[in-house]
Amino acid sequence: MSISFLNGDYMPLEEARISPLDRGFLFGDGIYEVIPYYKGKSVGLMPHIERMINGLAAIEIKCTKTADEWKELLDDLVARNESMGDNLGVYVHVSRGADVKRYHPYPEGVEPTVFCFCFNIKDPEPVDRTKVTQYSLVSTEDLRWQRCHIKSTALLGNVIHFQEGYSSGADEALLYNANGELTEGSSCNAFIVKDGIIATPIQDNQILPGITRRIILDSLKADGSLQVEERTITMDEVRDADEIWITSSSKEIAPVTKLDGKPVGDGSVGEIWEKAFAIYTASKYDF
Ligand code: PDD
């Protein structure tokens, strides 16, 4: 049984209830996070909390919890859900709350709704290119909004893109802008490798500032054995890449071996993936 947190109270997840006038429900007016815990140890907890606090400030949701209070709440929720299993994702959702009417402007004096629950996530993948799960993607033009750096609960644009991939038998949709430049996946960031050099799109309003992306960049730079760049990447480069990876809190670094039905590189998981995933795995709990 999953114990959830809703506005200060703990309860079985299936008993949690909110008002249909909640602006999260009516407008997708909220911010969320998904944070992985393996055997009780979090990956990127503080960076996730900081991103959420920044997102709340960006859309003027006044939630007074400090970063330390969030940490205490989330660590405590994971401890309460220990019996669910070793690997838990924590979903955190803060909406602008429920007003007494449906009216677009930000209301005054409405308390935000805070909702958190744990769910099972998979074991980390092995650092072994012959055993890791391989991903297949389809590419499609990114038709989401122009504030993709905000981790908004309004995910219809992402959901439509994910479904495009899913209904054509792929695991994810890889997105590009109107200039034919890579942005990200519908629920993950993206990296390519060409001639041993790793590259990922610049962090701007077109992509979510992924915590996994950040951990990869920081741990690779600290290690120093692999070259990594943040830059504009065209879809021609993506199609010509030796390796493609997608990254997120639940997927960590997932190797892509098929794009639009064609093999990526030689069609097998690349050597650079294995090196990078080993470096990431060795340092992920430091973030
Ligand atoms: N997705 N880009 C998008 C659009 C995302 O939705 C996500 C995460 C990421 C990767 O971010 P991070 O490394 O911080 O998880 C990038 C989450 C897991 C989700 O919506 O379930």
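The model is predicted, with local features requiring pLDDT of at least 70 and side-chain atom pairs pLDDT 80 or more, whereas totals for chains, interfaces and linings use all residues. Residues are numbered from 1 along each chain as its sequence is written, and side-chain values use heavy atoms, without hydrogens and water.

The ligand is surrounded by 20 residues (a heavy atom within 4 Å), and the closest are Y32, E184, I211, T212 and S249. Both domain 1 (3–120) and domain 2 (135–286) contribute to this shell, so the ligand lies between them; the domain bounds come from an automatic or database assignment.

Polar contacts (pairs of N or O atoms within 3.5 Å) involve several residues. A polar side-chain atom of S249 is 2.6 Å from a ligand oxygen, and a side-chain N or O atom of R51 lies 3.0 Å from an oxygen atom of the ligand. At S187, a backbone N or O atom is 3.3 Å from a ligand nitrogen. Of the 470 Å² of accessible area that the ligand has on its own, the protein covers 89% (Shrake-Rupley method, 1.4 Å probe).

Definitions and conventions:
A polar contact is a pair of N or O atoms within 3.5 Å; within protein, one must be able to donate a hydrogen and the other to accept it, and residues adjacent in sequence count only if both atoms are side-chain atoms.
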